[in-house]
Amino acid sequence: MEMSPELVGFSFIIIGILLLIGKWIRIFTPFLQDFFIPSSMIAGMIALLLGPEILGALGVNFFDEGGAFPSAMLEVWSELPGLLISVIFASLFLGQTIPNLKEIWRISGPQITFAHFISWGLYVVGIGLALLVLTPFFNMSPAAGALLEISFVGGHGTAAGLSGTFESVGFEEGTDLAIGLATVGVLSCVFVGMALINWGARRGKTEVLKKPEDISDEQKRGLIAKEDQQEEPAGHQTTKSEFIETLTVHLGYIGLAILIGFLLLEGLIIIEEIFWIDNIELFTHLPLFPLAMVGAVIVQVFMSKAVKHEMLDRGMVNRIQGLALDILIVSAIATLSLAVIADYLVPFILMALAAIGWNLFAFLVLAPKMMPDYWLERAIGDLGQAMGMSAAGLLLIKLADPEDKSPAKQGFSYKQLMLDLIVGGGIVTAASVPLILAFGPVITLIAAAVITTGWLLLGLLYFGKKG
C-alpha cells in the first residue's frame with residue numbers, strides 16, 4: 001500500500017480505534033486498574049504486538065511486511081512523535097497565569113530543588129555508566145550517557161522527539177533505546193509509585209492518606225461519575241462558535257507558539273554558524289520542541305499583558321495536549337524497534353536498573369531530608385515525573401493527596417516553569433547529546449556532578465532545615 005493523503009488520515013483513525021480498545025481492556029482488567037497503566041500504553045503495546053516486530057516476525061503479514069498494518073502506515077506513525085512533541089510542549093504554559101518568580105519559589109522551592117537534583121543526577125549516573133561500562137565494553141556512543149535523563153524524566157515525547165538529534169550525530173539506535181527506556185520508566189513508575197504510597201500510608205509517612213484503601217475504585221478505573229463530571233470541565237468556550245470555534249482558536253495559538261519557537265531556533269543556528277567554533281555544533285542538533293515551549297511563554301505573556309479578552313482557556317489547552325500525548329505514546333511504542341533493544345539488551349538493562357536505582361535512592365534517602373513538610377506527598381510527584389512523565393507525577397500526587405490538602409499539587413505545577421524549560425525535555429535535555437559529543441563525556445560529567453551537588457546542598461542546608 002503506497003503513501004497517500006487517505007492513508008495518513010486512516011492512520012489516525014486506526015490509532016483512535018487502538019486507544020478505544022486499550023480503554024475498554026483497562027476498564028475490564030482490575031490488574032491494569034490497580035497499577036494505573038495508561039490506556040495509551042495498552043494501545044501502543046497492542047500495536048507493537050500486531051506490528052512487524054512481533055506478528056510480522058512470526059511470518060504473519062496482512063499487507064506487506066508490517067504485520068497487521070501496512071508499512072506505509074507505520075511510516076506515518078514513526079513521524080508523529082516528532083511532530084506532536086512540539087504541540088505538547090507548546091501547550092505547557094498557554095492559558096495559565098505565570099506567577100512571579102518569588103511566588104513560584106515560595107510555594108514550590110523544595111520540589112524544584114529535589115526535581116533538579118534527580119534530573120541532573122541522572123546525567124551523572126548515565127555518563128558515569130557510559131564512561132565505565134557502556135563505551136569500553138559495548139562500544140556504545142558516549143551520547144548514551146544522556147539516555148537516562150532523556151527517557152525517564154523526559155518520557156516518550158522527549159525520547160521520540162529527539163530522533164532527529166540522534167540521527168544527526170550518528171547515534172540512530174538512541175531513539176529506540178530511549179523510547180524503550182521510557183516505556184520501562186512508565187511501567188516501573190506505576191508499580192513502584194503505588195508500592196511506595198501503600199508503604200508510606202502503612203508506615204505513617206504520609207500526612208494526608210491514612211490507609212491505602214482510601215484510593216477509590218473510581219480513581220482506579222479512570223472514569224468520572226455522572227454527578228461529578230461537571231467538576232472537571234473539558235474546557236470553556238471563549239469565542240462564538242458561529243464565527244470561529246474555540247478549539248480552532250486554541251490550535252491557532254499553539255501553532256503560533258511553535259512558529260515562534262521555529263524562528264528562535266533558526267536564529268540560534270544562524271548565530272552559531274557566524275560566531276561559534278567550527279568543530280562544535282549545538283543548536284544545529286537542537287530539536288524544535290523546547291523552543292516551542294519558550295514560544296508558548298512569549299505568547300502567554302503577550303496575551304496576559306496586551307489582550308483584554310481572555311481567549312485562552314487552560315481546560316481546552318489541556319484537552320489538546322492530552323490528545324497529542326495519547327497519540328504520541330501509541331505511535332512511539334507501535335514503531336519501537338525490538339531488534340535494536342535486543343542488540344543492546346545488556347546495556348539496556350543496566351541503564352534501566354541504574355535509573356530506577358538512582359530515583360529510589362533519591363526518594364527514600366534524600367527526599368525526607370530535603371523537604372520541609374509533606375515530604376512524601378511532594379516527592380512522590382517528582383519521582384513520578386522522573387520515572388515516567390508529568391502526568392504520572394500528578395497522578396501519584398492525586399493518589400497520595402486526593403483532596404489537595406498539601407501544597408504538593410500546586411508546588412508541582414509551579415515547579416514545571418522552573419524545570420521543563422531546562423531539563424525534563426527542556427533546553428539542557430535537548431542539547432545534552434550534542435553537548436556530550438562536543439565537549440566530551442568527562443567535562444560534561446564534571447559539570448553535571450557540580451550542578452547536582454549544588455541542588456543537593458540547597459535542599460539539605462536550606463529547605464531541609466525548615467522542617
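Is Phe-166 buried or exposed, and what is its relative accessible area? In this predicted model, Phe-166 has a relative accessible area of 0% and is buried.

**View 1. The aromatic pair of Phe-166 and Phe-171.** The structure contains nine aromatic pairs. In the pair formed by Phe-166 and Phe-171, the ring centres lie 5.7 Å apart and the planes meet at 75°; because planes over 60 degrees apart count as edge-to-face, the pair belongs to that class. Phe-171, with a relative accessibility of 1%, is buried, and Phe-166 is likewise buried, at 0%.

**View 2. The tilted pair of Trp-358 and Phe-361.** Here the centre-to-centre separation is 6.0 Å, with 40° between the ring planes. Both residues belong to helix H15 (residues 345-370), where they are three residues apart and therefore separated by about one helical turn. Trp-358 is buried, its relative accessible area being 15%, whereas Phe-361 is partly exposed at 39%.

**View 3. The cluster of Trp-105, Tyr-462 and Phe-463.** These three residues are joined into a cluster by ring pairs.

**View 4. The largest cavity and its lining.** Over the whole structure, one cavity of 30 Å³ or more is found. The space in the largest cavity amounts to about 40 Å³. Its lining consists of Ala-115, Ile-118, Ser-119, Val-153, Asp-382, Gln-385, Ala-386, Lys-415 and Leu-419. At least two lining residues come from each of helix H5 (101-138), helix H16 (375-387) and helix H18 (408-419). By class, the lining comprises five nonpolar, two polar and two charged residues.

Conventions:
Residues are numbered from 1 along each chain as its sequence is written. This is a predicted model: local features need pLDDT of at least 70, side-chain atom pairs count only at pLDDT 80 or more; totals for chains, interfaces and linings use all residues. Side-chain values use heavy atoms; hydrogens and water are left out. Rings of Phe, Tyr and Trp (its six-membered ring) pair if their centres lie within 6.5 Å; planes under 30 degrees apart count as stacked, over 60 as edge-to-face and the rest as tilted. Buried means under 20% relative accessible area, exposed over 50%, partly exposed in between (1.4 Å probe, protein chains only). Helices (H or I, at least four residues) and strands (E, at least two) are DSSP runs, numbered from the N terminus. On a 1 Å grid over the protein atoms alone, a cavity is a set of points where a 1.4 Å probe fits but cannot get out, and a pocket is an open set with protein on both sides within 12 Å along at least five of seven lines; lining residues have an atom within 4 Å of a point. Grid points are joined across faces, edges and corners, and a volume is the space filled by probe spheres set on the points. Ala, Val, Leu, Ile, Met, Phe, Trp, Tyr, Cys and Pro count as nonpolar, Asp, Glu, Lys and Arg as charged, and the others, Gly among them, as polar.
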